[in-house]
Amino acid sequence: MKFGRFEHNGKVFYCIVEGDTAYELDGSPFDNYRKTDRRHPLAALKALLPCMPYNFYCAGLNYAAHIEWANRRTGGNRKLPEKADVGYRSPNALLAGGEAIVIPADSPGPVQFEGELVAVIGKKARNLSEADALSCVLGYTLGNDLSERTWQKEDRTLWRAKNCDTFKPMGPFIVTGLDPMKLTISVRVNGEKASEYSTSKMLFSAQHFISKISQYMTLHPGDVVWLGTDGATEPNLKDGDMVEICNDQIGVLRNPVVRAKV
């Protein structure tokens with residue numbers, strides 16, 4: 001099932017999306033809901049973020065090829081991690097599909113995309129085993145973990161490098177029934193394929209990350225867990241670009257890029 005969150009004539013609501021038609025829900029996917037006969041052409045609705053997370057978790061360095069590329073780019077010698085590392089992002093950075101990514105005027109760059117699979121938590125959970133970890137997941141969406149690489153080297157907490165306003169596009173839909181370890185994520189910049197990888201290459205599985213987080217923090221409906229990116233994250237983004245994160249089942253997360261004026 002494919003869920004979307006939309007605005008129309010000042011009203012915000014969830015829908016079940018079937019092809020080019022969206023059927024309004026009474027309620028939300030995170031609670032009791034009922035599919036109604038109120039339907040809209042998808043093109044007539046303004047797409048919003050598919051959820052507003054209470055907590056925003058992310059997987060650190062979860063693909064070997066991405067680490068190897070970063071080492072080549074920086075001349076570093078970072079080893080593959082021996083254990084999963086969990087980080088945080090700020091919800092203030094979230095951005096819906098179609099809205100503009102804004103590079104701060106004083107950013108020295110480069111600013112780069114990181115296309116990611118995102119697990120959306122559907123129910124409250126704590127102390128889950130890996131075998132049961134996916135039982136709390138409603139479905140999956142897409143994310144673009146924009147990164148300002150100069151600031152990433154300077155800021156110990158990554159507060160600017162990863163969390164500037166508009167640096168975390170997410171969407172377009174939440175899709176249920178997917179295997180998070182058997183999906184293909186691709187990135188296009190200005191219509192040209194820039195990256196493509198399989199989630200089967202995660203160093204630590206979605207189940208592992210969700211289980212680990214739940215040992216220490218209670219997961220809540222609407223929380224999101226971003227699961228990392230693979231390979232190179234070039235070309236560098238610039239004013240006027242269009243960046244798209246794509247998956248055949250979930251859809252296309254599409255955002256233009258602008259640079260703020262001084």
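## Exercises on buried charges and cores

Arg149 and Glu114 are both buried. The exercises below use a predicted model.

**Exercise 1.** Determine how Arg149 and Glu114 are paired and which parts of the chain the pair ties together.

*Solution.* 
- Step 1. The closest N and O atoms of Arg149 and Glu114 are 2.9 Å apart, and the two residues form a salt bridge.
- Step 2. In the whole structure, a search finds 16 salt bridges.

**Exercise 2.** Classify the partners of the salt bridge between Glu244 and Arg254 as buried, partly exposed or exposed, and locate them.

*Solution.* 
- Step 1. The closest N and O atoms of Glu244 and Arg254 are 2.5 Å apart.
- Step 2. Glu244 lies in strand E18 and Arg254 in strand E19 (residues 251-259), so this pair ties together parts 10 residues apart in sequence.
- Step 3. Buried means under 20% relative accessible area. Glu244, at 7% relative accessibility, is therefore buried.
- Step 4. Arg254 has 39% relative accessibility and therefore counts as partly exposed.

**Exercise 3.** Find what surrounds the side chain of Asp230, and state whether Asp230 has or lacks a salt bridge.

*Solution.* 
- Step 1. Asp230 is in the loop between strand E17 (224-226) and strand E18 (242-247).
- Step 2. Asp230 is buried and has no salt bridge. The nearest side chain of opposite charge is that of Lys201, 5.2 Å away, whereas a salt bridge needs the nitrogen and the carboxyl oxygen within 4 Å.
- Step 3. The Asp230 side chain does reach backbone nitrogens: that of His66 at 3.2 Å and that of Ala65 at 3.3 Å.
- Step 4. Beyond its neighbours within four places in sequence, Asp230 touches Tyr63, Ala64, Ala65, His66, Ser195, Tyr197 and Lys201.

**Exercise 4.** Describe the largest nonpolar core and the contacts of Phe6.

*Solution.* 
- Step 1. The largest nonpolar core has 55 residues, and Phe6 is among those that touch the most other members, as are Leu117, Cys136, Ile210, Leu219, Leu227 and Val243.
- Step 2. Helix H3 (residues 206-214) supplies the largest share of this core, four residues.
- Step 3. A second, separate core has 18 residues, including Leu25, Leu49, Ala96 and Met170.
- Step 4. Residues up to four places away in sequence aside, Phe6 has contacts that include Val12, Phe13, Leu42, Leu45, Leu48 and Phe173.

Conventions: Residues are numbered from 1 along each chain as its sequence is written. This is a predicted model: local features need pLDDT of at least 70, side-chain atom pairs count only at pLDDT 80 or more; totals for chains, interfaces and linings use all residues. Side-chain values use heavy atoms; hydrogens and water are left out. A nonpolar core is a set of buried Ala, Val, Leu, Ile, Met, Phe, Trp, Tyr and Cys residues joined through side-chain atoms within 4.5 Å. Buried means under 20% relative accessible area, exposed over 50%, partly exposed in between (1.4 Å probe, protein chains only). Helices (H or I, at least four residues) and strands (E, at least two) are DSSP runs, numbered from the N terminus. Contact means heavy atoms within 4.5 Å. Lys and Arg count as positive and Asp and Glu as negative; His and the chain ends are not counted. A polar contact is a pair of N or O atoms within 3.5 Å; within protein, one must be able to donate a hydrogen and the other to accept it, and residues adjacent in sequence count only if both atoms are side-chain atoms.
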